[in-house]
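User: I would like to go through this model with you. Could we begin with the terms you use for surface exposure?
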Amino acid sequence: MSLSIGIVGLPNVGKSTLFNALTKNDVLAANYPFATIEPNVGVVGLPDERLGKLAEIFTSQKVLPAPVSFVDIAGLVRGASKGQGRGNAFLANIRDASAICQVVRAFSDPNVVHVDGKVSPADDIETINTELILADLQTLDKALPRLEKEAKLRKDRAAAVEAAKKAVDLLDTGVTLYSGAARAGIELEHLRELHLLTTKPFLYVFNVDEAELNNAEFLDELRASWHPPRRSSWTPRSSPSWWTCPRRRPASCWSRSGRASRA
């Protein structure tokens with residue numbers, strides 16, 4: 001089974017630039033919102049030095065690394081679930097993805113337009129997570145009547161109905177299913193058929209100026225900028241995976257531990 005990663009984020013944060021670096025493609029990366037219209041898909045082989053050794057042992061004629069697919073979709077904006085912008089229409093293209101990579105702008109450049117008029121990683125993360133949660137709520141609202149109807153005819157569908165109702169309650173608090181399902185007693189296996197977006201693992205990639213990579217104070221502020229949505233009814237979520245990437249070399253990433261790693 002191949003691994004598929006959906007790349008999401010606001011417009012002009014570097015999604016297509018990251019996509020190009022990862023896949024060695026040359027898709028349009030422009031300084032205006034919604035430069036990406038049709039989703040871009042790239043497939044690369046996962047480097048693994050063990051493959052060569054295994055090929056020698058078994059005298060393999062061909063070495064085929066595990067494929068990883070990256071899907072770059074149009075930028076999301078605040079209110080996308082209500083028809084604002086264009087990105088929400090393309091979320092269907094990453095519903096089958098194994099994980100979601102959220103690209104967050106953390107660089108300042110007056111020549112690169114920010115869709116909200118200011119650079120705020122915390123606000124950007126809140127916007128994207130909110131839109132993904134709202135998209136899942138829409139999916140569940142449409143699916144629940146069908147699931148309840150099926151449960152009247154098939155007793156085995158009752159578990160799916162219960163899981164869907166619990167998922168709605170959890171999402172209504174602003175918590176993603178991936179981070180809160182276990183605590184809420186939700187069996188995600190019963191919801192697999194719905195391809196809900198927030199059931200997937202999240203990877204956050206912060207697009208920063210290269211000069212800031214050695215600025216410990218800046219990186220500490222960047223880490224501290226992540227927090228749960230400010231809605232008083234929303235409860236804390238588990239910490240995300242932390243990565244920062246230099247804006248001009250998005251393929252080279254630094255983890256929270258400070259060790260260099262290739263994306």
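This is a predicted model: local features need pLDDT of at least 70, side-chain atom pairs count only at pLDDT 80 or more; totals for chains, interfaces and linings use all residues.

User: Which residues make the nonpolar surface patch?
Analyst: Leu-54, Ile-57 and Phe-58 make that patch, with an area of about 350 Å².

User: And Thr-59, what is its phi?
Analyst: Thr-59 has a positive phi, near 50°, although Thr-59 is a residue other than glycine. Thr-59 sits in the loop between H2 and strand E3 (67-72). Thr-59 counts as exposed because its relative accessible area is 64%.

User: What about Asn-12, buried or exposed?
Analyst: Asn-12 counts as buried, because its relative accessibility is 12%. Asn-12 is not a glycine, yet its phi is positive, at about 65°. The loop that holds Asn-12 runs between strand E1 (3-8) and helix H1 (15-23).

User: Changing topic: what does Tyr-178 contact beyond its neighbours within four places in sequence?
Analyst: Tyr-178, which lies in helix H5 (residues 177-184), is in contact with Thr-198, Thr-199, Lys-200 and Pro-201. The C-alpha atoms of Tyr-178 and Thr-199 are 4.3 Å apart, although 21 residues separate the two along the chain.

User: Finally, which residue lies over the face of Phe-107?
Analyst: Arg-105 does, at 4.3 Å from the ring centre.

Definitions and conventions
Residues are numbered from 1 along each chain as its sequence is written. Side-chain values use heavy atoms; hydrogens and water are left out. Patches are made of residues with over 30% relative accessible area and no salt bridge: like charges are joined within 9 Å, nonpolar side chains (Val, Leu, Ile, Met, Phe, Trp, Tyr) within 5 Å. Accessible areas come from the Shrake-Rupley method with a 1.4 Å probe; for residues, only the protein chains shown count as cover. A salt bridge is a side-chain nitrogen of Lys or Arg within 4 Å of a carboxyl oxygen of Asp or Glu. Helices (H or I, at least four residues) and strands (E, at least two) are DSSP runs, numbered from the N terminus. Contact means heavy atoms within 4.5 Å. A charge sits over a ring if NZ of Lys or CZ of Arg is within 6 Å of the ring centre and within 35 degrees of the ring normal. Buried means under 20% relative accessible area, exposed over 50%, partly exposed in between (1.4 Å probe, protein chains only).
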